[in-house]
Amino acid sequence: MDIRTVSTQPFPDQRPGTSGLRKKVRVFQQPHYLENFVQAIFDAIPDRQGKTLVLGGDGRYFNREAIQTIIKMAVANDWGELLIGRQGLFSTPAISHVIRHYRARGGIILSASHNPAGPEQDFGIKFNGENGGPASEALTEQIWAGSKSIERYLIAEIADIDLEHETELQLGSTRVRIIDPVRDYADLMEKLFDFPALARLLQGPFRMRFDALHAITGPYAEEIFEKRLGAPAGTVQNATPLADFGGGHPDPNLVYAKPLADLLFSDAAPDFGAASDGDGDRNMILGRGVFVTPSDSLAVLTAQARCIPAYAGGLHGVARSMPTSRAADVVAEALGIEHFETPTGWKFFGNLLDAGRITFCGEESFGTGSDHVREKDGLWAVLAWLSVLASTGLSVREILDQHWQRFGRHYYTRHDYEELPSESAEQMLAGLHAQFPVLPGQLLAGREVAVADDFSYTDPIDGSVSAHQGLRILFTDGARLIFRLSGTGTAGATLRIYHEAYVREPDQLHRDPQRFLAPLIQLGKDLTRLEPLSGRKAPTVIT
Ligand code: G16
């Protein structure tokens, strides 16, 4: 077999964001663009020779072409074995599990997560390490550095391989195995959860609807809910993964999963509704007439962990990303377990999970997970909620009400201003930051400012420091106002403003969050001079 060394030049825009490199498909289709980044990944793994690499993606447009290129490059770069999901598919949590299960050196995930797919839309690539989790900050920096000085890449001169069937073949010194992308993951879920109890729930009068949004979780959800747990056919909707996700935006929130949300708020509502995203790591939880914020979801699951066999013995600790509400902290304190606040990005949970300091973790961006893998896991969260419902016999609304009565409620909303010109977004944050020295002690929107800072995180395990992770205004009554730019967008800048207020009074627990938080929402706009600087009157997305 011929191995070709191709001369190339660096692209200046290959710095990975919050979760790998995400760009428009057209950018990835430029000659050498994908190859450069893949070679930069391989060069950053000098011990790869003879080791196993897992490969798969969420099936979006360009997935198949990219996989064929990566196979040829992996063969040329001395990988010992490639484990590839049939048809080039794997959900993100499934690939995390497969890396761990087969003791692989790592995996390449092809996905732009919840971003839309298609020739004019988004594609992405990221590397996960041998713990199954996203590359650390240090490795990410190394990959980026490599991409800036790259001069050549290696590729084997071989034909495309057939990914349609489970099979094994030898390409030079690399063994290639095409495996079922669902089975190992579904087996793991069966070990963690009490499937007989869940089957009794789903085969009884209880009704649920899971919306796979024509993305990767369809086959996983059908296997788990309909085949293994015996839920009625049709429980999983939009189950066939499509290269353009059916033209939709596979982000499980009230805006992009609107048909599901409308159903749950209608007279015909089932007891439980859930959705996942493009690559299967996010989740949205709904009850009849009620939406569970991701921050509350983490707190509820932490409080109710005894309902799930794998966690009935207790949790080591819990972590949340900084912009996620502090609801889980309150539960952790009541349970007497550790809690941690990390920057946005699942990679920051990795060390805490590996060190056994935390069992559960979650983010406001619809991510919830545990130490069973090193990615957030949409279907895991759905099974965890079903376990709570099966074990307590309560409805989602009753679970939430009881939770707030016991722990208080963290009202929470995130407002996104998408596709802002990068300069005006930077200007807003710089202008805000300049006010920080004089804010403490001031009364703003009826609340006293305790702290105004730029969040910096020191990893408790390896001591590494990640600075500039978001601007925070913390109030003496526990309210918070947080500002940061998204690290996952592909066009312009997305400003995210996170609003949170904490109440314990029983008569305050059932207000409309947008109204309850209105003074903080206005304050966030005023402090950033959002309207004068951007011309925007309202956010593009509210979650
Ligand atoms: C990724 C990361 C998450 C992060 C989210 C939003 O999720 O894995 O940790 O919370 O992006 O990040 P940002 O606010 O920077 O856009 P996913 O599901 O897109 O891979």
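Trainee: Which backbone atom lies 3.0 Å from an oxygen atom of the ligand, I mean, in which residue?
Mentor: That's Trp-346: a backbone N or O atom of this residue sits 3.0 Å from a ligand oxygen atom. Keep in mind that this is a predicted model.

Trainee: Thanks! And what about Ser-365, how far is its side chain from an oxygen atom of the ligand?
Mentor: An N or O atom in the Ser-365 side chain is 2.7 Å from an oxygen atom of the ligand.

Trainee: What's the distance for Arg-496?
Mentor: For Arg-496, a side-chain N or O atom and an oxygen atom of the ligand are 2.5 Å apart.

Trainee: Which residues around the ligand come nearest?
Mentor: There are 19 residues around the ligand, and the nearest are Glu-363, Arg-484, Gly-487, Thr-488 and Arg-496.

Trainee: Changing topic: how is the protein divided into domains?
Mentor: Domain 1 covers 3-180, domain 2 covers 185-394 and domain 3 covers 409-542.

Trainee: How many residues does each side bring to the contact between domain 1 and domain 3?
Mentor: Domain 1 gives nine residues and domain 3 gives five. The C-alpha centres of these two domains are 35 Å apart.

Trainee: How much area do they bury between them?
Mentor: About 540 Å², with 44% of it on carbon and sulfur atoms. On the domain 1 side, Thr-18, Arg-22 and Lys-24 supply 58% of the area buried against domain 3, more than any other three residues.

Trainee: How many salt bridges cross that interface?
Mentor: Zero salt bridges are found between domain 1 and domain 3.

Trainee: Which element gives the largest share of the domain 1 side?
Mentor: Strand β2 (residues 21-24), with three residues on the side that touches domain 3. By type, that side of domain 1 has no nonpolar residues, four polar and five charged.

Trainee: OK, what's the salt bridge count for the protein?
Mentor: It comes to 40 salt bridges. One of them joins the side chains of Glu-166 and Arg-86, at 2.9 Å from N to O.

Trainee: Where do Glu-166 and Arg-86 sit in the chain?
Mentor: Glu-166 is in the loop between β7 (152-156) and β8 (167-171), while Arg-86 is in strand β4 (residues 81-89). The pair links distant parts of the chain, 80 residues apart.

Trainee: Why can side chains like that pair?
Mentor: Because side chains of opposite charge can pair when their charged atoms come close.

Technical notes. Residues are numbered from 1 along each chain as its sequence is written. This is a predicted model: local features need pLDDT of at least 70, side-chain atom pairs count only at pLDDT 80 or more; totals for chains, interfaces and linings use all residues. Side-chain values use heavy atoms; hydrogens and water are left out. Domain bounds come from an automatic or database domain assignment. Contact means heavy atoms within 4.5 Å. Buried area is the accessible area (1.4 Å probe) that two parts lose on being put together, summed over both. A salt bridge is a side-chain nitrogen of Lys or Arg within 4 Å of a carboxyl oxygen of Asp or Glu. Helices (H or I, at least four residues) and strands (E, at least two) are DSSP runs, numbered from the N terminus. Ala, Val, Leu, Ile, Met, Phe, Trp, Tyr, Cys and Pro count as nonpolar, Asp, Glu, Lys and Arg as charged, and the others, Gly among them, as polar. A residue is near a molecule or strand if one of its heavy atoms lies within 4 Å of it. A polar contact is a pair of N or O atoms within 3.5 Å; within protein, one must be able to donate a hydrogen and the other to accept it, and residues adjacent in sequence count only if both atoms are side-chain atoms.
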